[in-house]
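These are my notebook entries from a first reading of this structure. I wrote down each thing I looked up, together with the cut-offs that I used.

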Amino acid sequence: QVQLVESGGGLVQAGGSLRLSCTASGSIFSIFVMAWHRQAPGKQRELVTTITSGGRVYYADSVKGRFTVSRDNAKNTVYLQMNSLKPEDTSVYYCNANIQSAMSGPSYDYWGQGTQVTVSS
């Protein structure tokens, strides 16, 4: 069994910063891509950023230059540093990871429970 637990959400004023963390635990052999998604009320969930085990990153255009993703492979943790936050960044942020539980076994996508980020104007 694998669990992803996020932390770090909260309320911040526009222009402020927050740092989200997500730690995977349980039966883990290898973690491939880790990602952050977000979903605002009444909208579809959207991909914010991804990072591979080798450190290759992708950012949605809406967050480029403001958000930075990083990971600590030894701690099975991915971080999202969010700077220059805007009211339109208000969403529930979800961590997602592709995890292999045994050598030569399949990998599966796992999701965290989500953490609320609210940016006031």
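**Entry 1: a threonine to start from.** I began with T77, which lies in strand β8 (residues 77–82); strands here are DSSP runs of E with at least two residues, and helices are runs of H or I with at least four, numbered from the N terminus. Before going further I noted that this is a predicted model, in which local features need pLDDT of at least 70 and side-chain atom pairs count only at pLDDT 80 or more, while totals for chains, interfaces and linings use all residues. I also noted that residues are numbered from 1 along each chain as its sequence is written, and that side-chain values use heavy atoms, with hydrogens and water left out.

Is T77 buried or exposed? I found a relative accessible area of 5%, so T77 is buried; buried means under 20%, exposed over 50%, and partly exposed in between, with a 1.4 Å probe and protein chains only. A polar atom of the T77 side chain lies 2.9 Å from the backbone oxygen of K75. When residues up to four places away in sequence are not counted, T77 touches C22, T23, M34, S70, R71 and D72, where contact means heavy atoms within 4.5 Å.

**Entry 2: the sheet around β8.** I then asked in which order the strands of the open sheet are placed. Four strands form this sheet in the order β1-β3-β8-β7, and the pairing is antiparallel; two strands pair if DSSP finds at least two bridges between them. The edge strands are β1 and β7, each of which pairs on one side only. Neighbouring strands of the sheet are turned by 15° against each other on average, direction ignored, with axes taken as lines fitted to C-alpha atoms (for helices over the stretch in contact) and angles running from 0 to 180 degrees between N-to-C directions.

Looking at one pair within the sheet, I found that β3 and β8 are antiparallel partners over six bridges, and that S21 stands opposite Y79 in β8.

**Entry 3: the disulfide.** I searched the whole structure for disulfides, meaning pairs of cysteine sulfur atoms within 2.5 Å, and the search finds one. C22 and C95 form this disulfide, with their sulfur atoms 2.1 Å apart. C22 lies in strand β3 and C95 in strand β9, so the pair ties together parts that are 73 residues apart in sequence. The torsion about the S-S bond is about -80°, so the disulfide is left-handed.

**Entry 4: the nonpolar core.** Which residues touch the most other members of the largest nonpolar core? Of its 26 residues, these are W36, F67, V78, L80, M82 and Y93; such a core is a set of buried Ala, Val, Leu, Ile, Met, Phe, Trp, Tyr and Cys residues joined through side-chain atoms within 4.5 Å. The elements that give two or more residues to the core are β1 (2–7), β3 (18–26), β4, β5, β7 (67–72), β8, β9 (91–100) and β11 (115–120).

**Entry 5: two hairpins.** Strand β4 (residues 30–39) pairs with strand β5 (residues 46–51) in the antiparallel sense over five bridges, and H37 stands opposite L47 in β5. The two strands form a hairpin with six residues between them, and G42 in the turn has a positive phi of about 75°.

β5 also pairs with strand β6 (residues 57–59), again in the antiparallel sense, over three bridges, and the bridge partner of I51 is V57 in β6. This hairpin has five residues between its strands, and G55 in the turn has a positive phi of about 100°.

T52 is placed in the loop between β5 and β6, and at 26% relative accessibility it counts as partly exposed. T52 and V33 are 19 residues apart in sequence but 4.4 Å apart in space, C-alpha to C-alpha.

Entry 6: S84, in the loop between β8 and β9, has a phi near 50° and is partly exposed at 41%. S104, in the loop between β9 and β10 (107–111), has a positive phi of about 70° although it is not a glycine, and at 75% relative accessibility S104 counts as exposed.

Note on methods: Polar contact = N/O pair within 3.5 Å; in protein donor to acceptor, adjacent residues only side chain to side chain.
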